[in-house]
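Please read this briefing alongside the structure, which is shown below. The points that follow the lead are grouped by topic.

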Amino acid sequence: MRVAPEFATGLERLDGFSHVLIVCSMDQVPAERRRAVGAPAPGSAGPAPSRCAPQNRPNPVGVSIVQLLGITGNVLTVRGLDAVDGTPMLDIKPCCARHDVAADPVLSDWAQRLW
């Protein structure tokens, strides 16, 4: 991932974190695929929330928690980014388990069957 040179100084304090949270603009999603509900969830009669259906993105903002492998100048090397090459990055934040993970999250019935 390449950060604009004028923002490279913001990467200096990320060194030492194992993971970062990436917020990006899914700018290549066609307008006709921006809808509020997805296909039915497996084992469910109803639709899955769109964020669980990769073919549908009602809003073009993507979020991924990725492994940070290294930083060289204005280039981050990461693993696990859910975006295509050239996707505009909106923000990069250090991932901190104390703040970025919900305590005891509850999954819906259909999500429990899916995952």
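A residue is called buried under 20% relative accessible area, exposed over 50%, and partly exposed in between, with a 1.4 Å probe and only protein chains taken into account. The model is predicted, so that local features need pLDDT of at least 70 and side-chain atom pairs count only at pLDDT 80 or more, while totals for chains, interfaces and linings use all residues. Residues are numbered from 1 along each chain as its sequence is written, and side-chain values use heavy atoms, with hydrogens and water left out.

**The sheet**

- Strands here are DSSP runs of E with at least two residues, numbered from the N terminus, and two strands pair if DSSP finds at least two bridges between them.
- An open sheet is formed by 4 strands in the order β5-β4-β1-β6, and their pairing is antiparallel.
- Because β5 (75–79) and β6 each have a single partner strand, they stand at the edges of the sheet, and one side of each is left without a neighbour there.
- From one strand to the next the twist averages 45°, an angle taken between N-to-C directions on a scale from 0 to 180 degrees, with axes that are lines fitted to C-alpha atoms.
- Strand β4 (residues 61–72) is joined to β5 by 5 bridges, and Q67 stands opposite R79 in β5.

**Strand β6 and the surface**

- L90 lies in strand β6 (residues 89–94) and is exposed, with a relative accessible area of 51%.
- Together with V61 and V63, L90 forms a nonpolar surface patch with about 270 Å² of accessible area in total.
- Such a patch takes residues with over 30% relative accessible area and no salt bridge, joining nonpolar side chains (Val, Leu, Ile, Met, Phe, Trp, Tyr) within 5 Å and like charges within 9 Å; the areas come from the Shrake-Rupley method with a 1.4 Å probe.

**Salt bridge**

- By the rule that a side-chain nitrogen of Lys or Arg lies within 4 Å of a carboxyl oxygen of Asp or Glu, the count comes to 1 salt bridge.
- K93 forms a salt bridge with D91, their closest N and O atoms being 2.8 Å apart.
- K93 is partly exposed at 40% relative accessible area, and D91 is partly exposed at 31%.

**Cysteines**

- With a disulfide taken as a pair of cysteine sulfur atoms within 2.5 Å, the structure holds 0 disulfides.
- C95 is in no disulfide, and the nearest cysteine sulfur, that of C96, is 7.5 Å away.
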